[in-house]
Amino acid sequence: MRVKFQLFILVFLWSCGLFAQVGPFKINGHIISSEGDVLPNATILVNGKDVYTSDVHGDFSVSVKNHGRYTLQFTFIGYDTLVTPVDVHGREIHLDIILKPQEIELNEVIIVGDHFKTGRMEQSQTVQTVDAEFLKQQNAGTLINSIQKIPGISAINTGVGIAKPVIRGMSFNRVLVMDKGIKQEGQQWGADHGLEIDQYDPERIEIVKGPSSLLYGSDAIGGAIRILPPSLPVGDHLSGDLFMTYKTNNQLFGTSAGLQGARDDKFFRLRLSIQDFGDYTVPANSFVYNGYVLPIYNNRLKNTAGNERNVSLSGGIHKKWGSTSITISNFHQKAGLFPGAIGIPREYQLEDDGDSRNIDLPRQVVNHLKIISNTTLILGEDWLEMDLGYQHNDRREEGAPHAHGYQPVVDGNLALGLNLKTFSANIRYNNNLGEKINGVFGLQGQWQDNRHAGFEFLLPDFQSGNMGAYIYQEYSPSHKFSMNAGVRYDYGMRDIDAYVEPDYTTPESEDSVVRNPDIYRQFNNVSAALGFSYYPDIYFNTKLNIGTSFRMPTAPELSSNGVHHGTFRHERGDPDLDSERGVQADLNMTYQRNSLYVLITPFTGYYNQYIYLAPQAEFSELPAGGQVYQYTQHDAFFTGLECSFEYELMRNLHFRTAMEYVWNKNLETDLPLPFTPPFSIYGELEYGKNVSNSPIKYYFFRANYHYFADQDRVDRNEHPTPGYDLVTLAGGFDFEMSHHTAQVRLSVHNLFDTPYMNHLSRYRLLNLPEQGSNIVLSIKLPFSIGR
């Protein structure tokens with residue numbers, strides 16, 4: 001049956017290619033500023049979907065497949081966006097593009113496709129896009145920490161090298177991360193399980209806030225982070241960059257090197273990244289746990305050192321019928337865990353071992369292999385996209401074995417091994433029914449197989465499958481108003497094996513304990529969404545998106561029952577959990593004119609059978625088990641607000657501020673939900689200037705103040721967190737080097753070495769402060785070969 005299905009897909013895709021029209025046709029050009037400066041790495045967006053970039057000389061080449069009219073949008077940081085229609089009639093076209101400096105800069109946060117910076121005007125969802133330049137300027141240690149500056153985005157941290165995303169107070173399996181069309185799968189249910197993606201590899205990231213289940217499936221109930229495929233290399237030459245960074249707090253050394261090239265219709269891209277860091281320092285010499293004062297020697301959290309080794313290689317072809325590419329990447333991280341956060345903290349475990357860079361027990365070792373295939377077929381006015389993926393996530397949590405009652409101590413240091421294999425497929429048919437109507441028909445499927453190992457039990461072996469189908473259409477009856485609507489159906493299955501272990505409380509070796517029974521569950525759901533966008537002029541845009549959302553319970557939520565030392569607690573599932581269902585609304589109002597930009601985004605949502613991990617008033621009976629956390633299901637209500645304001649005080653001097661607030665409530669306990677980010681507001685003043693006729697092309701200075709309020713709206717048995725404020729200073733310059741623009745950046749984070757606790761940090765349970773003052777130096781050196 002499987003072979004027949006594969007043959008059907010192959011025949012279908014081959015027959016679709018027969019209808020492709022003859023091409024391609026070239027649109028070439030040159031991009032400069034109104035002052036006459038060449039603009040390298042400018043972004044060219046074709047019909048809102050295909051992305052190209054100019055080379056180091058400002059030249060670009062765009063390939064289109066058919067005759068007709070195309071809309072080209074040219075974007076460059078610090079310059080006004082230029083949109084122009086181009087008619088293609090079987091000949092090569094040359095364009096000379098001149099961009100004018102902006103009166104209000106966007107702080108390297110580019111919203112591709114719209115000057116309102118919240119997605120295309122016709123699109124009802126709030127979509128924010130950041131580019132590689134923004135990520136490298138933030139350089140916060142992980143990909144997720146590097147986008148926290150965007151309102152509504154937070155991170156759950158474990159130390160300085162492990163972080164997972166939070167969107168409007170939702171995280172874990174409620175925020176979907178999609179890499180080149182494939183959902184990232186790496187045990188994201190764990191608070192200490194970071195995102196296995198090289199922070200230097202993404203070129204563009206879309207952050208979708210609000211109800212996203214319609215387009216992306218079950219795990220996008222809180223939003224989605226889409227890592228988009230990079231633009232195609234242009235020109236018959238090699239180009240690349242070398243990025244180096246150093247951080248004083250934990251003596252981090254990081255290097256990332258990229259190389260790309262193209263010849264005729266073939267292209268490739270390669271990136272290698274390494275990071276090595278030592279134990280990080282905190283502005284404290286002790287912490288308090290369960291009434292006991294425990295030492296922090298030399299202000300360093302022992303055994304928080306680590307390293308990363310990442311590689312990504314992609315290649316493909318770009319033909320008249322479309323394009324196809326394959327990307328192979330491997331993420332490898334080895335990170336130590338503070339011994340005071342594993343089991344019950346003991347003073348002798350915290351003594352300084354004299355080596356701040358060794359990675360001792362306890363630690364976690366993660367290797368994530370990913371193979372992604374992306375194919376696009378041009379079908380006249382329409383096109384078909386197919387994304388296929390294979391992922392192998394191998395997670396090892398290592399520690400010293402402990403006594404097991406009457407049974408002998410086990411050999412080896414593998415406390416918990418989780419081996420997850422995932423097969424994914426996404427197929428989208430994009431239709432264009434005229435100037436006013438377009439949309440997409442989509443099919444999605446995923447199959448997972450998980451195996452466990454080690455002397456501790458947390459999660460049993462399981463298999464999981466999901467399938468979904470949806471239709472989404474957009475209608476624009478006028479140049480001032482558009483609407484969209486869609487409907488989706490999903491089916492899911494969870495097949496979980498029973499797990500039986502020896503009874504360590506008795507000397508009889510044949511006695512056993514059932515940690516979890518056999519579990520087989522099936523789920524299905526229908527969801528829908530409706531959106532509107534109104535743009536009466538070029539200054540104002542308002543969007544409203546209303547949708548139903550859903551999320552199927554995961555295998556860990558149904559079956560986990562054991563000590564998760566990585567999160568310092570005993571986690572217990574419930575096999576009777578049902579699917580979450582919600583109704584969400586998101587309103588976005590944007591105004592931009594001259595030197596002023598204002599954004600206001602209120603949101604709200606009601607969730608039936610909301611699943612969360614609730615702290616209990618009991619401690620685990622297992623050795624060093626900590627507090628018990630139970631997966632629980634109650635109705636919940638969320639609401640909140642995000643605001644942004646930017647203004648040019650005078651030429652080259654800009655002020656920007658943003659605030660975010662999330663309020664939620666468990667409607668059955670009348671208490672807040674746990675792990676909710678506090679209210680925060682930041683203000684920033686920046687002076688930046690482009691320089692002509694000088695080796696220094698650009699320089700800037702920036703001061704940032706970020707305030708976090710007390711978080712005293714907490715769940716039962718959850719600790720409140722006092723508020724704090726942080727100050728960051730940054731500066732840098734761009735300079736010309738061999739006809740390329742090199743960059744130097746220097747920043748000081750937590751300028752005053754403020755002791756504070758992050759409410760979303762896993763170490764919050766131990767009253768451990770976060771990282772102290774940190775000076776970050778980064779250098780980017782671009783290069784080209786053969787031109």
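The structure holds 36 salt bridges, a salt bridge being a side-chain nitrogen of Lys or Arg within 4 Å of a carboxyl oxygen of Asp or Glu. The model is predicted, and local features need pLDDT of at least 70, side-chain atom pairs count only at pLDDT 80 or more, and totals for chains, interfaces and linings use all residues. Residues are numbered from 1 along each chain as its sequence is written, and side-chain values use heavy atoms, with hydrogens and water left out.

One of the salt bridges joins Asp 241 to Arg 271, with the closest N and O atoms 2.9 Å apart. This pair links distant parts of the chain, since Asp 241 lies in strand β15 (residues 238-247) and Arg 271 in strand β17 (residues 266-277), 30 residues apart. Strands (E, at least two residues) and helices (H or I, at least four) are DSSP runs numbered from the N terminus. Asp 241 has a relative accessible area of 12% and is therefore buried; Arg 271, at 10% relative accessibility, also counts as buried. In this scheme buried means under 20% relative accessible area, exposed means over 50%, and partly exposed lies in between (1.4 Å probe, protein chains only).

A salt bridge is also formed by Lys 180 and Asp 201, whose closest N and O atoms are 3.7 Å apart. Here too distant parts of the chain are linked: Lys 180 is in the loop between β11 (175-179) and β12 (182-183), and Asp 201 is in the loop between β12 and β13 (204-209), 21 residues apart. Lys 180 counts as buried because its relative accessibility is 9%, whereas Asp 201, with a relative accessible area of 24%, is partly exposed. Lys 266 and Asp 265 meet through their side chains in a further salt bridge (3.4 Å, N to O). Asp 265 counts as buried, at 17% relative accessibility.

The protein as a whole has four helices and 42 strands. Of its 787 residues, 58% count as buried. Contacts (heavy atoms within 4.5 Å) were sorted by separation: among those between residues at least 6 apart in sequence, 67% join residues at least 24 apart. The accessible surface of the protein comes to about 32,100 Å², and carbon and sulfur atoms account for 58% of this area. Accessible areas come from the Shrake-Rupley method with a 1.4 Å probe, and for residues only the protein chains shown count as cover.

In soluble globular proteins, nonpolar side chains tend to be buried together. A nonpolar core is taken as a set of buried Ala, Val, Leu, Ile, Met, Phe, Trp, Tyr and Cys residues joined through side-chain atoms within 4.5 Å. The largest such core has 21 residues, of which Ile 31, Ile 44, Leu 72, Phe 74 and Leu 95 touch the most other members. At least two residues of this core are supplied by each of β1 (25-33), β2, β4 (59-64), β5 (68-75), β6 (82-88) and β7 (93-99). Strand β7 gives the largest share, four residues. Apart from this core lies another, of 19 residues, including Leu 143, Ile 197, Ile 205 and Ile 227.

Beyond its neighbours within four places in sequence, Phe 74 is in contact with several residues, among them Ile 31, Thr 43, Ile 44, Leu 95 and Leu 99. Thr 43 is found in strand β2 (residues 43-46) and is buried, with a relative accessible area of 16%. Not counting residues up to four places away in sequence, Thr 43 touches Val 51, Tyr 52, Gln 73, Phe 74 and Thr 75.

The structure holds 20 aromatic pairs. Rings of Phe, Tyr and Trp (its six-membered ring) pair if their centres lie within 6.5 Å; planes under 30 degrees apart count as stacked, over 60 as edge-to-face and the rest as tilted. The rings of Tyr 610 and Phe 638 have centres 5.6 Å apart and planes at 45°, so this pair is tilted. Tyr 610 lies in strand β35 (residues 596-619) and Phe 638 in strand β36, so the pair ties together parts that are 28 residues apart in sequence. Tyr 610 and Phe 638 are both buried. One aromatic cluster is formed by Tyr 607, Tyr 610, Tyr 612 and Phe 638.
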